[in-house]
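Trainee: I've got a structure open and I'd like to learn how to read it. Could you walk me through it?

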Protein chains: 2
Amino acid sequence: METISSIYNPEPQQEKLPDISIDCLVFGLDNGRLNVLLAKHRDGIRQGQWALPGGHIGKLEDLDSAASRILQEVTGAQDLFLEQLRAFGAAGRFPDARVITIAYYALVKQEEYKVAAGGPASDVKWWDIHEVPELVYDHSDIFNHGLKTLRHKVRHEPVGFNLLPEKFTLLQLQELYESILDVKLDKPNFRRKMMNMKLLVDCNEKQQNVAHRAAALYRFDESVYQALTEQGFSFEV
Amino acid sequence: METISSIYNPEPQQEKLPDISIDCLVFGLDNGRLNVLLAKHRDGIRQGQWALPGGHIGKLEDLDSAASRILQEVTGAQDLFLEQLRAFGAAGRFPDARVITIAYYALVKQEEYKVAAGGPASDVKWWDIHEVPELVYDHSDIFNHGLKTLRHKVRHEPVGFNLLPEKFTLLQLQELYESILDVKLDKPNFRRKMMNMKLLVDCNEKQQNVAHRAAALYRFDESVYQALTEQGFSFEV
């Protein structure tokens, strides 16, 4: 959203780098749905169009800090773990000037983040990933690349630590995978693979106050979770 | 090597983006040794210091094309498969100006590439990864990050297609892994894991003209290689 940030210019603010921007791809999980956080251009010739929240980097600002600051300014979302995705730099990607953008991404539990349009955005909204509107510039490419990366990642690293309650059922974990991968998984097969990974610890407790038959509760083994994050694995669901 | 490229300015040449550079991390395999290609600053206050080959992106140039062009200009190496590693953008990484750099990396069979210093470099040289000299700016961080990424990658994707002869022995494949991972591997264990992956096809041929007992030759199964590259695996050697 380079246009936006060139319009958005409150004081006091340090000078920005003109050739390079940041765009943030925030995926949110909400009741089994995977959404993405988009911002609407408030001004300029792309007024009313949707985009990934983005902006320019301050001359004295670290790249990673800039990503957090920009996301917060445009959407209000803060304190989330943004990881660098990659740079996008096709010569014609941005029509108004030559700008290379560095994309960051995150996966969060949506309910934990209050969002509100700020700075150059007139609106921010979580969009179901199946209903994403047309996006400005190459932002659809960034979205598609980020979604692919996210799905690859959950097949090769543990997922769920910040997305599930501390104690959760196997069904909750399966539904988390199903939301991200957009597939229906076979229950016995999923359970067997999960248990083989030694990632889960049986809490020896059952769910409370549920209408259906109470299921067993599990938690992650933190050291296994950490080790598998570092080593990686292949989880062909 | 932003300084280098700001000095190196042959005509005709398009205008460069000032805030953003590219640095290339090329690993070369040579008789069981893993090396990295470095370039020496020819001019300026860092004259004589070693750096990753790098430079600035043309205003009309795609990011990926710029990486290939810069590597070729500085080192002569061409037609290799450069992949984006990540952007490095700490505020103080480059003392002379604010420049964010996007690092690219590659792993090649060293003997296939002729290198010669060009443009802003007075020398280029393959350095054993254990003997890398002090590098300018944050180039040691980029090198360390790239080496870690390379090692992670070979544990999770097949390696060797462009690094081994078409037909190779299991020992050659093991030595390839040993060079990259910098470990000694257990022979029976390595062989068993490799065979379990169904990646290798027995050529039903033996080595010719060898002093020792001729070993069996294998080739990669291309479709398995491709599938494993896409899916990934976990190969705990």
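Predicted model: local features only at pLDDT ≥ 70, side-chain atom pairs only at ≥ 80, totals over all residues.

Trainee: Through which surface do the copies meet?

Mentor: Through the same one, because 100% of the interface residues of chain A are also interface residues in chain B.

Trainee: What does the domain assignment give for chain A?

Mentor: Domain 1 covers 2-155 and domain 2 covers 158-231. Their C-alpha centres in chain A lie 30 Å apart.

Trainee: How do I judge the area buried between domain 1 and domain 2 of chain A?

Mentor: The size of an interface is often given as the accessible area lost when the parts come together. Between these two domains of chain A that comes to about 1,000 Å², with carbon and sulfur atoms giving 65%. In chain A, 12 residues of domain 1 touch 11 of domain 2, counting heavy atoms within 4.5 Å. The salt bridge count between the two domains of chain A is zero.

Trainee: And helices? Take α4(A): how many of its 12 residues are buried?

Mentor: An α-helix has 3.6 residues a turn, so residues three or four places apart point the same way. In α4(A), nine of the 12 residues are buried, so this helix is largely enclosed by the rest of the structure. Among them are A:L170, A:L173 and A:Y177. Helix α4 of chain A runs over residues 170-181 and reaches 16 Å, close to the 16 Å expected.

Trainee: What follows α4(A)?

Mentor: A:D182, with a positive phi near 60°.

Key:
Residues numbered from 1 in each chain as written. Chains lettered and ligands numbered in written order. Heavy atoms only, no water. Helix = DSSP H or I, 4+ residues; strand = E, 2+ residues; numbered from the N terminus. Expected span 1.5 Å × (residues − 1). Buried < 20%, exposed > 50% of the residue type's maximum accessible area, 1.4 Å probe, protein only. Domains from an automatic or database assignment. Buried area = accessible area lost by both parts, 1.4 Å probe. Salt bridge = Lys/Arg side-chain N within 4 Å of Asp/Glu carboxyl O.
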